[in-house]
Amino acid sequence: MFATSSDIQTVIGDFRIDSMMRYSQFVPRLYNLCKSLGFGAGNIMPSRAFCSDESQGYPIILITKHFGTFPFNHGMVGGIVASDRHGAHADHGRDLVIIQASHVGYDADSKTFGTYRRINTADNDATVTCGKIGSVVEWYQEEYRFARNNIYLGRVGDHCLVTIDNQLLHEDREQGLFLHLDRLVRHDNGGPLPVRVQSTSHTYQSSPEFMQSLPADAWPDNDRLRIGHYLGPELFEFRRTIEGDIEGRSHLEQNLINPMPWIVTSTDPLLVAAQVNTQAEFDRAFRTIVREKAYQGKRVLFISCINIDISPRGGQLFPLTKCVPWAAYIQDGAGGSRTLEQDEIVNLLKQQSAENPDQIDLEDAIQQMEKVKEIRIEC
Ligand SMILES: [Zn+2]
């Protein structure tokens with residue numbers, strides 16, 4: 001999806017997190033939106049493509065309550081859509097809804113993204129959330145940390161110098177962090193020419209653009225400082241051998257690798273990764289829905305979101321999950337279809353009532369099942 005660096009920057013910048021709404025408002029509004037589009041009460045089969053994390057249970061309970069049926073499962077770990085389940089989903093309802101979401105934890109006390117407090121652990125541990133995204137991002141964060149700590153900036157006379165560890169200069173590596181040397185250091189006669197060659201590093205003159213982009217104190221006189229956070233996302237890329245097919249074991253990593261420089265340099269890497277994954281999954285899954293024969297001639301609403309899991313506090317069983325819608329695709333079953341960008345789908349949802357007279361009482365429904373006369377299975 002993200003072909004160039006500038007694409008990534010633009011698209012992530014357009015994803016507005018402040019468009020969030022509580023799940024208890026989002027689901028009834030989504031249900032009412034479906035009805036306003038002609039979806040028939042009692043004939044809608046919702047489906048969710050959520051991560052397997054138990055924190056996603058509360059949104060699933062709310063979908064069940066408002067749509068009156070337990071949702072079909074379209075999701076793989078990390079919030080990837082399993083498109084080979086489209087046919088079965090289409091068979092299970094007349095009108096069809098798919099809700100895809102990546103998720104990210106939020107700690108309201110520290111006001112930070114990326115962890116979620118697990119009240120079923122012995123010490124109510126806060127763990128990295130989404131754990132799957134966290135485990136993918138970790139390797140890249142380590143590579144970035146090495147680069148930040150092994151590139152130095154300094155000044156001798158009028159010359160701003162960049163000293164780079166040799167490991168970062170080996171072009172024949174199969175994987176790792178690869179610098180965009182043309183942006184970082186000065187090129188003469190078509191290539192970067194080192195002004196000094198040390199045993200484990202090379203020193204170059206800074207490119208004029210990079211030199212001017214930093215404050216003067218980033219270039220200490222006759223001294224050197226680690227590049228640190230001045231190693232911005234436009235200065236490097238990652239290469240890694242990723243094995244696995246589309247929707248296979250490494251699908252999530254494929255979604256994240258090109259935008260990874262923006263993820264690892266962000267102050268909220270797991271939030272940015274969830275944004276990127278949601279954007280990539282919407283773009284990919286919507287095309288599989290359009291092509292799916294089983295969905296043709298049916299009403300379909302597909303929406304992609306981020307679920308923000310706010311850790312439960314004392315006495316709470318569930319997270320206070322918020323939904324940030326990103327985009328939607330709607331087809332009317334009679335040949336008409338459209339995609340809705342974030343502002344459009346958020347406005348459309350906000351126009352809907354958060355009251356849903358069709359919602360079911362789950363406790364009541366469970367009690368009814370307990371009281372009903374037992375059916376004996378002959379065997
Ligand atoms: Zn997860």
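1. The cysteine sulfur closest to that of C323 belongs to C305, and because the two lie 3.4 Å apart they are too far from each other for a bond, a disulfide being a pair of cysteine sulfur atoms within 2.5 Å. C323 counts as buried at 0% relative accessibility, as does C160 at 3%, where buried means under 20% relative accessible area with a 1.4 Å probe and protein chains only. Zero disulfides are found in a search of the whole structure.

2. This is a predicted model, in which local features need pLDDT of at least 70 and side-chain atom pairs count only at pLDDT 80 or more, while totals for chains, interfaces and linings use all residues. Residues are numbered from 1 along each chain as its sequence is written, and side-chain values use heavy atoms, with hydrogens and water left out.

3. Helix α2 (residues 23–36) packs on helix α3 (residues 57–67) at an angle of about 40 degrees, the axes being 9 Å apart. The residues making this contact include V27, P28, L30 and Y31 of α2 and L62, I63, H66 and F67 of α3, contact meaning heavy atoms within 4.5 Å. The residues of the contact comprise eleven nonpolar, two polar and no charged.

4. N356, in the loop between α11 (342–350) and α12 (362–371), counts as buried at 4% relative accessibility. Leaving aside neighbours within four places in sequence, N356 is in contact with P28, Y31 and H66. A polar atom of the N356 side chain lies 3.1 Å from the backbone oxygen of H66, and the side chain of N356 also reaches the backbone nitrogen of D358 at 2.9 Å.

Technical notes:
Axes fitted to C-alpha atoms, helices over the stretch in contact; angles between N-to-C directions. Helix = DSSP H or I, 4+ residues; strand = E, 2+ residues; numbered from the N terminus. Nonpolar A, V, L, I, M, F, W, Y, C, P; charged D, E, K, R; others polar. Buried < 20%, exposed > 50% of the residue type's maximum accessible area, 1.4 Å probe, protein only. Polar contact = N/O pair within 3.5 Å; in protein donor to acceptor, adjacent residues only side chain to side chain.
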